[in-house]
Amino acid sequence: MTARSQSPGDPTATAPRSVKPAPKVGFVSLGCPKALVDSERIITKLRSEGYQVAPDYANADVVVVNTCGFLDSAKQESLDAIGEAMAENGRVIVTGCMGVEEGRIREVHPGVLAVTGPHQYEQVVTAVHDAAPPLHDPYIDLVPPEGLRLTPRHYAYLKISEGCNHRCSFCIIPSLRGDLASRPVNHVMTEAERLVKAGVKELLVISQDTSAYGLDIKYAEAPWKGAPLKARFLDLTRALGDLGAWVRLHYVYPYPHVDDVIPLMAEGRILPYLDIPFQHASPAVLKAMRRPAHQEKTAERIARWREICPDLAIRSTFIVGFPGETEEDFSMLLDWLRETRLNRIGCFKYEAVEGAPANALPGAVPEEVKEERWHRFMEAQQEISAEIQVARVGSEIDVIVDEVGPDGAIGRSKWDAPEIDGTVFLESARTLKPGDIVKARVTGADDYDLFATVD
């Protein structure tokens with residue numbers, strides 16, 4: 001066929017066709033990083049079908065609210081978020097952990113379009129299709145190979161498994177997300193490699209029980225880079241350390257084999273950072289929680305880890321006011337805290353989560369006692385943290401830059417995870433940009449943050 005030019009007056013010219021705008025989906029993602037990854041997967045799928053992500057309620061054809069259902073306060077936050085989306089937009093799809101309580105959600109918000117449970121990606125996408133059918137255009141059905149993410153470009157959460165095999169008495173996660181279900185190791189590594197190639201400088205490894213990775217699939221081997229790789233915590237960690245990015249381990253249950261990753265931290269292959277939810281130190285409370293009750297041995301292990309890797313930072317979470325917790329139990333927790341000198345701590349007052357076995361335990365702790373113990377706990381940890389921080393003044397540390405403004409930059413050290421730990425406030429003689437990893441000299445410290453300069 002011979003092509004010929006067409007002028008506006010040419011009767012054979014084809015009139016420009018109107019292009020229907022792509023449907024837009026708004027997202028509200030609540031809860032933990034695992035829920036955030038679920039949102040990213042949903043967005044990636046929808047974006048590959050041509051959907052746009054709406055910046056606000058007004059411009060969205062439908063809104064997806066990814067809920068949290070771990071605590072009653074989180075459930076109320078989820079219900080409030082659904083209510084806000086209904087009021088501002090009116091076309092709302094609910095997913096996530098609280099989605100297992102569809103009856104309760106519909107009782108409060110009967111007008112929601114659909115309700116699905118956690119990691120039910122296909123059902124969410126189907127509900128979006130029903131509410132705002134996708135356009136079919138190969139020119140817009142494109143996403144980058146690393147998928148779409150809700151985090152800044154320079155760091156990303158890497159989910160390696162779903163679910164949990166533990167039955168802690170205060171937790172309802174297994175009833176929400178099921179038992180441990182590990183991803184094939186080559187799938188995890190392929191995703192990680194794509195993220196790094198796309199510019200990610202820090203991989204934050206997450207799951208409900210990271211150190212149990214591969215148990216359910218019998219540590220199955222899969223080919224990676226021309227050699228077999230086992231779906232095992234140590235093997236996966238070592239392989240991730242070869243990608244050239246910071247690797248940070250979250251939600252690590254303290255199994256004996258966790259000892260094996262400490263040398264990798266000492267070698268600099270992965271970050272010297274462990275996020276371990278110890279929850280308490282009293283054997284009686286830990287037994288009631290259905291948690292390992294050998295905290296004196298755990299303290300010895302922590303000391304050995306620090307002998308191997310002096311730079312190691314340990315983050316943990318604790319619960320005060322658990323049913324049956326006595327003043328003696330709480331004092332034991334404070335003593336253990338002072339002995340182990342953990343770097344980063346989160347503390348929660350016990351909350352009776354609907355459906356948790358702990359609700360039936362005797363010895364409920366009064367709310368005013370919980371509050372008083374929480375303040376004492378945080379004061380004790382504040383003193384420990386301040387001493388650790390001050391000791392870093394004058395040292396040179398690596399910092400990853402998160403934000404840059406007219407008055408300097410804000411970043412994090414290798415001992416700080418985004419949003420939950422401390423920050424480093426940077427003064428720099430040169431231009432910095434998010435994702436830069438720079439050498440900085442620490443010039444000051446407060447209880448949780450550092451101040452540093454970059455030449």
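A cavity is a set of points, on a 1 Å grid over the protein atoms alone, where a 1.4 Å probe fits but cannot get out, and its lining residues have an atom within 4 Å of a point. The structure examined here is a predicted model, in which local features need pLDDT of at least 70 and side-chain atom pairs count only at pLDDT 80 or more, while totals for chains, interfaces and linings use all residues. Residues are numbered from 1 along each chain as its sequence is written, and side-chain values use heavy atoms, with hydrogens and water left out.

By this rule, three cavities of 30 Å³ or more were found; grid points are joined across faces, edges and corners, and a volume is the space filled by probe spheres set on the points. The largest cavity holds about 50 Å³ of space. Its lining is made up of Ala313, Asn343, Arg344, Ser385, Ile388, Gln389, Arg392 and Trp415. Helix α12 (residues 367-390) gives the largest share of that lining, three residues; helices (H or I, at least four residues) and strands (E, at least two) are DSSP runs, numbered from the N terminus. By type, the lining has three nonpolar, three polar and two charged residues, where Ala, Val, Leu, Ile, Met, Phe, Trp, Tyr, Cys and Pro count as nonpolar, Asp, Glu, Lys and Arg as charged, and the others, Gly among them, as polar.

The second largest cavity, of about 40 Å³, is lined by Asp38, Ile42, Asn66, Thr95, Gly96, Gly117, Pro118, His119, Gln120 and Tyr121. Two or more of these residues come from each of α1 (33-48) and β4 (92-96). Here the division is three nonpolar, six polar and one charged.

How values were computed
On a 1 Å grid over the protein atoms alone, a cavity is a set of points where a 1.4 Å probe fits but cannot get out, and a pocket is an open set with protein on both sides within 12 Å along at least five of seven lines; lining residues have an atom within 4 Å of a point.
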